Amino acid sequence: MNGQVEQIGLWQMVSAYIFVLFLLFIVRRRKIGREKEITIAALRMTLQLVLVGYVLVFVFDLRHPGLTVLYIAAMLVFAVFNIFRRVKTRLNRQLKLIIAGSIGFGALVSLIYFILVVIMLDPWYEPRYVIPIAGMIVGNSMTGISLGVKHLADGMKQQREHIEGALMMGAQPKEAVRDIVNSAFDSATLPTINSMVGMGIVFLPGMMTGQILSGVSPLTAINYQIAIMLGILGSVSLCVIVFVIFGYRAFFNKRAQLVSME
Amino acid sequence: MAAMPHEEGVQPGKEVFRQKHWGRAVMDEHKLYQLNGVVYKDILDIPELDIPENKVTCIYGESGAGKSTLLRLLNHLLSPDSGSISLRGVDISGMDPIELRRRVLMLPQNPLVYPGSIRDNLNIGIRFSGRKHCPGDHALKEVLDTSSLNKPLDTDAKTLSGGEKQRLALARLFLLDPEVLLLDEPSASLDGATERTVIANAVTYAKEQRKSLIMVSHAQHLVDEFGEAVVELARGTVSRSGKGGSP
């Protein structure tokens, strides 16, 4: 670290919760009825971060490759279940497997490439680098696939007549859904592309902010930020393309007939 | 995804179908189709049905009688829960569904128009049918003539009227040169005169090209005018089958 990090004391931390109280005051006053969710969210956030803080201290101190891999595996499992929860449409077993497979494949390939080729980390499993980078890659890929699943399922539902119309003419399912698949891919990757546009002007991204707060030179921080943004873009694209290429198949049976997800 | 009772048949283990006992399929070289027992979630229950080759067969009946379901079964968009369907004596359940649909084309009730020109809309059928080469403008104009759509190929398909869209959709099928043409009430949303034109075009095409045409309708006068064979469906079963009115 290049500089001294300002520590936040206990009472200073407590004082930050005034923002939550302020929000609670507003929703109660206006009878919006969100008190419970806000309280739970604030408590969960605190508890989860405290826990993860201690876990990370342990993992960082141990510096064991197995533990780093285990941590990433847990992250991926959590991401997969989070996608299932986020998507409101019912998903069949095949689609769930495709979701898990695409995030697993896409995020891991991108992460490995990023660690070995882009930042050439030595040793490759250095948890202080690998875990935060994996978190950003997996987290963004999770959002991308959630959007992909949603747009694919909505498209299949709304364009049902067109899909069947194409099948009636002897189209392969792949041909019949080509536009829907392309549009799902586009909708899922667009937020990542858009976020790059505002970066540095509208907001300073989290990782860069974190590094600057810990005293790293902004010039070093932007190097990392640019690299990680490109890594995220690659991972989101890879996960989503793998998902849509295989995902549409879950909507058809072996007789090339549309099946219901319900 | 919205619940579509039809698709439930493809999910084993769900008891949405009534099991029935069926007779043995009778093979008959002269008949195009044999429907030997079809149950479709109480929609269809047909002990046996033969549809003649190279004729215009009208499937007639009230809405909800199972007419469209019957067509979808023939196009293999749906599979019967029990019993069998044969095309020229061959059980379609053993055929590649895509290959079958390329031989037995179906026109849906609402005309499907894709973004782009009339030419694009005709060519998309070629793409769907797996052919590599799009026909030239001359061939495209010819099918438009057959379908009585006199519009330049560059016309934006979105600007066409309902009847014109249906004629475009029909022309797209003509271009694919099917063995069997299934029309699912092609005129439901059209006015009387347009309705007749669309059907008359399909019938003329079928007669000239010696194709089998199977057409769903709930309009008695159209059935009387065009139907060489009539299958009347009522409450999911064949209530009358035989020759129609004046051929």
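Trainee: Let's start with chain B: how many helices and strands does its secondary structure have?
Mentor: Chain B comes to seven helices and 12 strands. Keep in mind that this is a predicted model.

Trainee: Noted. What share of chain B is buried?
Mentor: Of the 247 residues in chain B, 47% are buried.

Trainee: And how many of its contacts join residues at least 24 apart?
Mentor: In chain B, 67% of them do, taking contacts between residues at least 6 apart in sequence.

Trainee: I clicked on Leu153(B). Where is that found?
Mentor: Leu153(B) sits in the loop between α4 (137-146) and α5 (162-175) of chain B.

Trainee: Why does it count as partly exposed?
Mentor: Leu153(B) has 15 other C-beta atoms within 10 Å, so it is partly exposed. Buried would take 20 or more, and exposed 12 or fewer.

Trainee: Which residues does Leu153(B) touch?
Mentor: Leaving out residues up to four places away in sequence, Leu153(B) touches Ser117(B), Ile118(B), Arg119(B), Asp137(B), Leu140(B) and Lys141(B). As for Asn121(B), 32 residues apart from Leu153(B) along the chain, the two C-alpha atoms are separated by 9.5 Å.

Trainee: Over to chain A, then. How many helices and strands are there?
Mentor: Chain A has 11 helices and zero strands. The C-alpha trace of chain A spans about 70 × 55 × 35 Å along its principal axes.

Trainee: And what percentage of chain A is buried?
Mentor: Buried residues are 31% of the 262 in chain A. For contacts in chain A with a separation of 6 or more, 76% come from residues 24 or more positions apart.

Trainee: How is chain A divided into domains?
Mentor: Chain A has domain 1 (13-62) and domain 2 (64-251). The C-alpha centres of these two domains of chain A lie 27 Å apart.

Trainee: Now a helix pair: at what angle do α6(A) and α9(A) pack?
Mentor: α6(A) and helix α9 (residues 178-198) of chain A pack at about 150°, and their axes are 8 Å apart. That angle is why α6(A) counts as roughly antiparallel to α9(A), the cut-off being over 145 degrees.

Trainee: Is the crossing left-handed or right-handed?
Mentor: The crossing of α6(A) and α9(A) is right-handed.

Trainee: Which residues make that contact?
Mentor: From α6(A), they include Asn140(A), Gly144(A), Leu147(A) and His151(A). Among those from α9(A) are Ile180(A), Ala184(A), Phe185(A) and Thr192(A). By class, the contact of α6(A) with α9(A) has eight nonpolar, nine polar and no charged residues.

Trainee: Last topic, the contact of the two chains. How many residues come from each chain?
Mentor: The contact takes 25 residues from chain A and 26 from chain B. On the side of chain A that touches chain B, the elements giving two or more residues are α6 (127-158) and α7 (160-168) of chain A.

Trainee: Which one gives the most?
Mentor: α7(A) does, with seven residues.

Trainee: And what's the make-up of that side by class?
Mentor: The side of chain A that touches chain B has 11 nonpolar, eight polar and six charged residues.

Terms used
Residues numbered from 1 in each chain as written. Chains lettered and ligands numbered in written order. Predicted model: local features only at pLDDT ≥ 70, side-chain atom pairs only at ≥ 80, totals over all residues. Contact = placed C-beta atoms within 7 Å. Helix = DSSP H or I, 4+ residues; strand = E, 2+ residues; numbered from the N terminus. Nonpolar A, V, L, I, M, F, W, Y, C, P; charged D, E, K, R; others polar. Domains from an automatic or database assignment. Axes fitted to C-alpha atoms, helices over the stretch in contact; angles between N-to-C directions. Parallel < 35°, antiparallel > 145°, perpendicular 65-115°, else oblique. Left-handed = near helix turned anticlockwise from the far one by under 90°.
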